[in-house]
Amino acid sequence: MLIDTYGRVATDLRVSLTDRCNLRCTYCMPAEGLDWLPKPELLTADEIVRLIRVAVTRLGVREVRFTGGEPLLRRDLLDVIGRVAALQPRPQISLTTNGIGIPRLARPLREAGLDRVNVSLDTLVPERFRKLARRDRLADVVAGLAAADAAGLRPVKVNAVLVRDVNDDEAPELLRWCLERGYQLRFIEQMPLDAQHGWSRDAMVTAAEILDSLSAAFDLTPEDEGIRGSAPAETWLVGGGPARVGVIASVTRPFCGSCDRTRLTADGQIRNCLFTREESDLRTPLRGGATDEELAERWRAAMWTKKAGAGIDDLGFLQPSRPMSAIGG
């Protein structure tokens with residue numbers, strides 16, 4: 001198992017396939033983009049699959065989530081998913097995406113073995129989308145959501161970040177829109193993971209503000225905490241259910257005590273916390289001839305040093321040097 005000194009067991013693996021992205025969201029990276037990782041530093045498809053196999057067969061990982069950057073930009077994505085789906089025991093396989101590439105890939109992804117998707121959508125207003133993403137691609141994201149649903153990549157989950165004075169009035173409309181289409185909406189507090197290091201606690205739209213806005217338009221009933229388990233989202237029944245809405249309050253109500261995640265970056269580094277400033281290198285031993293058990297032992301050692309909490313609520317918190325696009329969600 002991947003266990004830490006606080007007794008938490010990591011069974012959910014987030015795998016970043018690339019740090020590249022075809023959007024330039026203001027809360028993630030600058031308009032001109034970033035210096036992407038050189039190709040020789042990126043894990044190959046064979047290396048990714050081998051490390052996932054080690055995680056699944058030796059370390060108890062039961063769910064694999066592919067992230068980025070934008071994972072649909074990875075040309076060998078279908079091959080990677082197909083090979084991971086063939087593992088025994090087979091993990092649940094999901095993918096977090098901006099949705100732009102889904103219309104052409106939804107059915108091939110499903111056929112390869114992908115179970116479901118999380119799609120980022122922060123606004124339904126084209127002008128706001130252009131301001132937030134610096135690209136005019138709202139129609140493509142909406143089409144991607146519909147294509148994922150039609151292909152059976154369900155439940156289709158929508159991730160939304162509210163930015164003050166840009167789209168912070170849009171929570172009720174986003175929820176209404178998702179309910180009409182059968183999508184599961186999750187609001188995420190803006191986190192200190194932007195490349196510009198411009199995140200401000202005072203400017204962040206909090207979970208409490210989001211819930212106040214939703215409660216003014218909908219009848220919300222909190223779900224029992226026992227149902228949540230290790231999931232990052234607190235959930236509420238809408239109108240008595242069965243529809244739900246979630247809020248991931250990473251900053252104001254951190255859930256570190258129940259975290260079950262481990263992360264593998266696109267260049268082969270293990271991160272035992274999204275907000276850690278330290279990484280453990282698997283790429284070098286992997287390319288140096290390490291056995292599967294040696295890789296597994298390095299992974300166990302990396303998780304053993306996981307801290308009790310991310311520390312975002314501490315005044316002395318320092319955000320990671322790598323942005324979200326390089327870490328993976």
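Helices here are DSSP runs of H or I of at least four residues, strands are E runs of at least two, and both are numbered from the N terminus.

Before going on, the ground rules. This is a predicted model, where local features need pLDDT of at least 70 and side-chain atom pairs count only at pLDDT 80 or more, while totals for chains, interfaces and linings use all residues. Residues are numbered from 1 along each chain as its sequence is written, and side-chain values use heavy atoms, with hydrogens and water left out.

Back to H4, residues 126–133. Phe 129, Leu 132 and Ala 133 are buried there, meaning under 20% relative accessible area, with exposed being over 50% and partly exposed in between, for a 1.4 Å probe and protein chains only. Seen down the helix axis, the buried residues fall within an arc of 80°, so they line one face of H4; the arc is that of the directions from the axis to the C-beta atoms. An α-helix has 3.6 residues a turn, so residues three or four places apart point the same way.

What do the buried residues of H4 pack against? Helix H5, residues 138–150, with contact meaning heavy atoms within 4.5 Å. On the face turned away from the buried side sit the exposed residues Glu 127 and Lys 131.

Now the whole chain. The secondary structure comes to eleven helices and twelve strands. Of the 329 residues, 57% count as buried. Among contacts with a separation of 6 or more, 73% join residues 24 or more positions apart. The C-alpha trace spans about 60 × 45 × 40 Å along its principal axes.
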